[in-house]
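Hi,

Here is the structure I promised to pass on. Have a look at it first, then read my notes below.

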Amino acid sequence: MQSSQLDYLPILMQMLLAIGFVVGIIIISGKLGPKRSSVIKDENFECGIKPIGNARIPFSVKFFLVAILFVLFDIEVVFLYPWAVNFKELGLEGMVKMVIFMSLLLIGFFYIIKKKALDWE
């Protein structure tokens with residue numbers, strides 16, 4: 001089955017129409033929208049609470065460490081699901097590979113527990 005560049009013309013036209021629509025709506029809303037400025041409107045708003053102090057305070061590295069560990073162990077599930085679906089088709093070789101994968105993850109998990117990476121102070 002041969003395809004030519006003309007087959008992609010409808011896709012190009014749809015992309016141009018979508019981009020043009022978005023840009024047009026942004027420009028029109030900027031021109032037609034209200035332009036009332038006041039001290040209250042220009043003030044910073046954070047969840048209904050008046051801002052106090054500097055927003056650039058240092059955070060503990062533990063927050064980022066926990067976030068990275070969450071993503072790491074969450075991605076584990078992404079690899080487990082296809083394996084569970086195709087368990088019978090993969091056979092013994094797939095089982096051995098998954099045992100190696102899970103044991104490496106468990107070693108990493110015990111390592112972060114030993115280093116007390118998840119303990120809050």
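Glu76 touches Phe101, Met102 and Leu105, leaving aside residues up to four places away in sequence (a contact means heavy atoms within 4.5 Å). Glu76 sits in helix α3, residues 61-85. It is buried, meaning under 20% relative accessible area with a 1.4 Å probe, protein chains only. Still, Glu76 has no salt bridge, which would take a side-chain nitrogen of Lys or Arg within 4 Å of a carboxyl oxygen of Asp or Glu. The nearest side chain of opposite charge is Lys97, 18 Å away (Lys and Arg count as positive, Asp and Glu as negative; His and chain ends are left out).

Before you go further: this is a predicted model, where local features need pLDDT of at least 70, side-chain atom pairs count only at pLDDT 80 or more, and totals for chains, interfaces and linings use all residues. Residues are numbered from 1 along each chain as its sequence is written, and side-chain values use heavy atoms, without hydrogens and water.

Now the whole protein. It has four helices and zero strands, counted as DSSP runs (H or I, at least four residues; E, at least two), numbered from the N terminus. The radius of gyration is 27 Å, whereas a compact globule of 121 residues would be near 14 Å; that is taken over C-alpha atoms, and the globule rule is 2.2 Å times the number of residues to the power 0.38. The C-alpha trace spans about 65 × 65 × 20 Å along its principal axes.

Cheers

Conventions: Buried means under 20% relative accessible area, exposed over 50%, partly exposed in between (1.4 Å probe, protein chains only).
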